[in-house]
Amino acid sequence: MSTTWQDPEAVRQMLDDAQTWAIVGLSTDTGRTAYSIAALLQERGKRIVPIHPSAPTVLGEQGYATLADIPFDIDVVDVFRRSEAAGEFADQAVAIGARGVWFQLGVVDEDAFERTTAAGVPMVMDTCPAIEWRRRG
């Protein structure tokens, strides 16, 4: 684990200050981790925005096929994709002006991390909001 990937201030800012989370890979499949984490984010008062090619409505929120399709500001882009596919979503997050990028547990792309943070966008990688909230006690 790289501590720079999980900078405590970046984690704090996203969990405490960010309100609107685009969830890349969120579908109506209730057995997927993306679904349970999106539900947790909602329980914590966050607005979730499903990002999936079929643009389903999930947990009562309208989905969008791409990040670029979202007609309002996004605070965090939370990526539930394999590491080799995740980097493009970090780049798209920077392009739409997101204020943070979060790669879920097991998702690591060091080049994407370097590009994203070099663009001035905080990024957290290889952890989960549920884990980080649990660490706080």
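**Close-ups of helix α5 and its surroundings**

**View 1. Helix α2 meets helix α5.** In this predicted model, helix α2 (residues 33–43) packs against helix α5 (residues 129–136) at an angle of about 50 degrees, their axes lying 10 Å apart. Axes here are lines fitted to C-alpha atoms, for helices over the stretch in contact, with angles from 0 to 180 degrees between N-to-C directions. The two helices are therefore oblique to each other (under 35 degrees is roughly parallel, over 145 roughly antiparallel, 65 to 115 roughly perpendicular and the rest oblique). Helices (H or I, at least four residues) and strands (E, at least two) are DSSP runs, numbered from the N terminus.

**View 2. The residues in the contact.** From α2 come I37, L40 and L41, and from α5 come P129, A130 and W133 (contact means heavy atoms within 4.5 Å). These divide into 6 nonpolar, no polar and no charged residues. Nonpolar covers Ala, Val, Leu, Ile, Met, Phe, Trp, Tyr, Cys and Pro; charged covers Asp, Glu, Lys and Arg; the others, Gly among them, are polar.

**View 3. The buried side and the end of α5.** P129, A130, I131, E132 and W133 are the buried residues of α5 (under 20% relative accessible area; exposed is over 50%, partly exposed in between; 1.4 Å probe, protein chains only). They pack against α1 (8–17), β1 (20–24), α2, β3 (76–79) and β4 (101–103). Just after α5, G137 adopts a positive phi of about 90 degrees.

**Notes.** Residues are numbered from 1 along each chain as its sequence is written, and side-chain values use heavy atoms, leaving out hydrogens and water. Local features need pLDDT of at least 70, side-chain atom pairs count only at pLDDT 80 or more, and totals for chains, interfaces and linings use all residues.
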